[in-house]
Amino acid sequence: MLNSLITVLDQKKSKAKYPEARVIVLDDSFNTFQHVANCILTIIPGMIEKRAWDLTIKVDKTGSAEVWRGNLEQAELYHEQLFSKGLTMAPIEKT
């Protein structure tokens with residue numbers, strides 16, 4: 001007779017959500033529209049030029065814009081990359 005290992009997953013743990021977060025760019029008085037739009041376009045995956053410009057305009061008009069939402073680890077990466085390009089960033093918001 002063979003011994004075999006059987007793994008039983010706890011249903012509650014296996015369905016637990018991974019932490020999610022929001023990446024938010026804030027308005028400032030020193031970054032140009034072009035720079036903000038280019039950073040959003042090149043750093044955020046799947047971003048298209050029109051959406052990057054729409055988000056940049058929203059940052060200017062309302063003071064902030066959510067540029068990405070998803071798992072926490074990726075949010076931290078995009079946040080750091082945008083920050084390293086000189087954008088003014090809100091702290092990562094966990095959802």
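Which residue's side chain meets that of Glu93 in a salt bridge? In this predicted model, the partner of Glu93 is Arg22, with N and O 2.7 Å apart. Glu93 belongs to strand β4 and Arg22 to strand β1, so this pair ties together parts that lie 71 residues apart in sequence.

## Salt bridges

The structure contains 4 salt bridges by the rule applied here. Arg22 also meets Glu66 through their side chains, at 2.4 Å from N to O. Because Arg22 is in strand β1 and Glu66 in strand β2, this second pairing ties together parts that are 44 residues apart in sequence.

A further salt bridge joins Lys50 and Asp54, whose closest N and O atoms are 3.0 Å apart. Lys50 and Asp54 both belong to helix α3 (residues 49-62), where a spacing of 4 residues separates them by about one helical turn. Salt bridges with shared partners, in turn, link Arg22, Glu66, Arg69 and Glu93 into one network.

| Salt bridge | N to O distance |
|---|---|
| Arg22 and Glu66 | 2.4 Å |
| Glu93 and Arg22 | 2.7 Å |
| Lys50 and Asp54 | 3.0 Å |

The accessibility of these residues can be stated individually. Arg22 is partly exposed at 22% relative accessibility, and Glu66 is partly exposed with a relative accessible area of 24%. Glu93 likewise counts as partly exposed, at 34%. In helix α3, Lys50 is exposed with a relative accessible area of 58%, whereas Asp54 is partly exposed at 34%.

## Helix α4

Helix α4 spans residues 72-84 and comprises 13 residues. From its first C-alpha to its last, α4 reaches 18 Å, close to the 18 Å expected at 1.5 Å a residue.

Which residues of α4 are buried? They are Leu72, Ala75, Tyr78, His79 and Leu82. These residues lie on the same side of α4, because they cover an arc of only 125° around the axis. Glu73 and Ser84, on the other side of α4, are exposed.

The cover over the buried residues of α4 comes from several elements, both strands and a helix. Among them are strands β1 (20-26) and β2 (64-71), together with helix α2 (33-43). Strands β3 (88-89) and β4 (93-94) are also included in this cover.

At the start of α4, Asn71 makes a contact from side chain to backbone. A side-chain oxygen of Asn71 comes to within 3.1 Å of the backbone nitrogen of Glu73.

Gly86 sits in the loop between α4 and β3, and its relative accessible area of 31% makes it partly exposed.

Leaving aside residues up to four places away in sequence, Gly86 touches Asp28, Phe30 and Asn31. For one of these, Phe30, the separation along the chain from Gly86 is 56 residues, while the two C-alpha atoms are 9.3 Å apart.

## Summary

Through Arg22, β1 is tied to strand β2 and to strand β4. Strands β1, β2 and β4 are also among the elements that cover the buried residues of α4.

Definitions and conventions:
Residues are numbered from 1 along each chain as its sequence is written. This is a predicted model: local features need pLDDT of at least 70, side-chain atom pairs count only at pLDDT 80 or more; totals for chains, interfaces and linings use all residues. Side-chain values use heavy atoms; hydrogens and water are left out. Helices (H or I, at least four residues) and strands (E, at least two) are DSSP runs, numbered from the N terminus. The expected span of a helix is 1.5 Å times one less than its number of residues. Buried means under 20% relative accessible area, exposed over 50%, partly exposed in between (1.4 Å probe, protein chains only). The arc is that of the directions from the helix axis to the C-beta atoms. Contact means heavy atoms within 4.5 Å. A polar contact is a pair of N or O atoms within 3.5 Å; within protein, one must be able to donate a hydrogen and the other to accept it, and residues adjacent in sequence count only if both atoms are side-chain atoms.
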